[in-house]
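Okay, thanks everyone, I'll keep this short. Let me put the structure up and we can walk through it together.

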Amino acid sequence: MASGTEKGFRYCSTLKIPPKTFGENVGPIRLSFIRGNAQKWVNGTVLNYCFFDKPKEWTTAEEEKNIVRKGFKVWMDVGIGIEFKEVKSISDADVRIAFLRDNRTWSGVGTDIRNYFGKNENTMNFGWDLVHEDPRGLDTAVHEIGHTLGAMHEHQNPFAGIEWNEKAVIDDLSGAPNYWDLETIKHNILDKIAKDTVQGSEFDPNSIMEYPFKAGLIIKPEKYKTAPLIPAGGLSANDIAWVKKFYPPLKPQDDVELELMKSYLLTIGPGQTKTFIFKPKYTRVYTLHTIGKSDTVILLYEDQGKAEPTYMKGNDNTGTDINAQVKTKLYKGRKYLLRVKLHWTDRSGETAVIVE
């Protein structure tokens with residue numbers, strides 16, 4: 001998000017990660033579906049988070065940690081299929097949070113935090129004090145967690161219709177309090193997000209993913225030539241609709257129980273997730289996989305009757321001509337969950353799931 005100072009707003013800056021490339025077998029339509037869903041989590045994922053307890057310069061007081069904890073709760077209170085859970089060990093965490101006071105507040109975006117960050121690296125940082133230096137500290141935390149869910153900056157939405165006074169933006173952001181170089185300004189402000197990665201929408205100036213801006217940095221919409229853009233604060237109606245679209249509440253009653261050697265059609269659309277149940281009648285090695293020309297991510301869990309199932313293994317066949325599969329030993333009398341997320345399918349209704 002951003003923190004206001006006498007010299008202007010301090011902004012969140014996402015990291016620039018090169019886009020994944022694919023072979024010639026991935027055409028433009030298929031690529032569009034892949035890019036639109038690649039950074040979103042498989043619905044039902046539990047994301048463990050942890051605060052660094054060393055080195056000292058990465059740590060903070062409980063008062064500030066509590067603001068970030070409230071930020072996770074803001075998203076979960078919407079009623080979504082993703083759960084955030086605090087753990088004690090950095091090695092057990094997906095979201096690893098530091099408080100290095102380098103004036104840089106940021107988060108990795110969606111599944112990038114698993115694909116591009118080492119297990120001992122922070123995936124989120126708060127570069128200024130959310131308690132004493134940021135009057136909208138909770139919004140800043142919610143904004144960064146929005147990135148972790150896969151949300152991008154609203155002002156970079158290609159459908160927003162924003163036109164910038166580029167010289168004014170560069171002059172403002174290259175000075176105090178941000179001191180950004182040109183590449184950082186382009187990546188976080190001026191560059192538009194690729195259209196095929198965005199679920200098209202009109203500009204939402206009140207989105208939690210929107211920055212505040214001084215008057216005159218934006219040429220269009222014209223109202224911001226003479227008036228600052230100041231988001232209302234909190235999640236907007238569009239934010240809530242977005243997160244519930246990608247992560248709708250789980251409905252266990254809709255789960256399908258798999259039978260050995262029997263295929264089940266994957267009756268969902270791109271970006272959606274389906275959960276299958278499997279209860280082995282014998283202890284042995286099984287292969288659970290998809291059938292058909294599609295891009296899917298599959299994750300296997302063991303349901304031990306606890307608050308959350310235990311993750312076992314997964315596979316992502318996105319952009320390849322090989323079906324996603326997991327092969328592992330399963331035990332008679334136990335219950336397993338197979339979550340399948342569809343990115344793209346060649347023909348609707350022709351992707352299926354089978355266990356052998």
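So, a search of the whole structure turns up 17 salt bridges. Keep in mind that this is a predicted model. I'll pick out a few of those pairs, and then we'll look at the sheet.

Let's start in helix α2, which covers residues 62-76. Here lysine 65 makes a salt bridge with glutamate 62, and their closest N and O atoms are 3.3 Å apart. These two residues sit three apart in the helix, so about one helical turn separates them. Is lysine 65 buried or exposed? It's buried: lysine 65 has a relative accessible area of 14%, and the cut-off for buried is under 20%. Glutamate 62, on the other hand, is partly exposed at 42%. And this pair belongs to a network of salt bridges that links Glu62, Lys65, Arg69 and Glu86.

Now over to helix α5, residues 166-174. Aspartate 171 and lysine 167 meet there in a salt bridge, 2.8 Å from N to O. They're four residues apart, again about one turn of the helix. Lysine 167 is exposed, at 60%, while aspartate 171 is partly exposed, at 45%.

One more pair: arginine 104 with aspartate 102, at 3.7 Å between the closest N and O atoms. Arginine 104 is partly exposed at 33%, and aspartate 102 is partly exposed at 31%.

Okay, the sheet. It's open, with five strands in the order β4-β3-β5-β7-β6 and mixed pairing. The edges are β4, residues 83-86, and β6, residues 106-107, each pairing on one side only. β4 runs parallel to β3, residues 46-51, over four bridges, and valine 46 stands opposite glutamate 83 in β4.

Notes:
Residues are numbered from 1 along each chain as its sequence is written. This is a predicted model: local features need pLDDT of at least 70, side-chain atom pairs count only at pLDDT 80 or more; totals for chains, interfaces and linings use all residues. Side-chain values use heavy atoms; hydrogens and water are left out. Two strands pair if DSSP finds at least two bridges between them. A salt bridge is a side-chain nitrogen of Lys or Arg within 4 Å of a carboxyl oxygen of Asp or Glu. Buried means under 20% relative accessible area, exposed over 50%, partly exposed in between (1.4 Å probe, protein chains only).
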